Amino acid sequence: MIAKEGYPFILSAAAAVLILAIIPEGFLIFLLIVLLAFFIIFFRDPERRIPPFDDIALSGADGKIVDITREEFNGEDFTKISVFMNIFNVHVNRMPLSGKVTDITHKAGKFIPADKKESSFENEQNIITVETKYGKAVFKQVAGLVARRTVCYAEKAMDVPMGDRLGVIKFSSRFDHYLPTGFHPAVAEGEKVKAGETIIARYNG
């Protein structure tokens with residue numbers, strides 16, 4: 001499967017390859033084929049096996065854990081776990097917890113490298129607030145140095161199950177999980193995770 005946001009890139013590259021196949025341009029055709037392959041790989045959207053357990057939070061993104069901390073956001077305390085996605089990771093995001101989306105806010109900002117901690121506050125991002133059975137959770141789709149657009153599939157007032165597709169970020173980027181404080185990390189910094197499959201925290205009340 002391919003994320004729908006990838007089709008404009010894939011179809012454009014495919015059309016260019018077909019045109020140049022009729023009027024061969026050797027090396028240029030090779031480069032366009034490589035570009036086409038890159039877009040197909042980048043926008044891949046594999047199915048994931050959602051763990052059948054209660055009281056867990058799943059990673060919202062593929063990538064590497066770059067930050068685990070307790071942090072205040074809008075006057076409330078959360079367990080924060082951040083994932084950095086490079087250009088080789090799957091960039092389709094998934095819902096870390098089941099819940100009702102109560103707010104989606106787009107915040108304009110900078111495009112500093114997404115593996116930097118300050119990108120969580122200064123970069124372009126979508127801020128998705130969700131009411132769960134454990135309390136409020138907040139998820140951020142954060143743009144990076146190359147990424148220039150965050151896309152959220154969910155809409156306000158929508159009930160979204162854990163592991164469901166939440167959105168996509170185009171090219172390298174970051175996903176921040178702000179979990180209710182009853183959740184305790186089940187991963188460590190530097191660990192690689194998969195969206196919708198890796199358990200990143202467990203709820204202990």
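Gln141 is buried, its relative accessible area being 0% (buried means under 20% relative accessible area, exposed over 50%, partly exposed in between, with a 1.4 Å probe and protein chains only). The model is predicted, so local features need pLDDT of at least 70 and side-chain atom pairs count only at pLDDT 80 or more, while totals for chains, interfaces and linings use all residues. Residues are numbered from 1 along each chain as its sequence is written, and side-chain values use heavy atoms, with hydrogens and water left out.

Gln141 belongs to strand β7, residues 135-143 (strands are DSSP runs of E with at least two residues, helices runs of H or I with at least four, numbered from the N terminus). Its side chain makes a polar contact of 2.9 Å with the side chain of Asn93, and also reaches the backbone oxygen of Val151 at 3.0 Å (a polar contact is a pair of N or O atoms within 3.5 Å; within protein, one must be able to donate a hydrogen and the other to accept it, and residues adjacent in sequence count only if both atoms are side-chain atoms).

Gly6 is likewise buried, at 0% relative accessibility, and sits in the segment before α1 (7-22). Its C-alpha atom is separated by 7.0 Å from that of Phe39, 33 residues apart along the chain.

Which residues line the largest pocket? They are Asp62, Gly63, Lys64, Phe84, Asn86, Asn89, Lys192, Val193 and Lys194. Strands β2 (63-73) and β13 (192-193) each supply at least two residues of this lining.

Notes:
1 Å grid on protein atoms, 1.4 Å probe; cavity = no way out; pocket = protein on both sides within 12 Å on 5 of 7 lines; lining within 4 Å.
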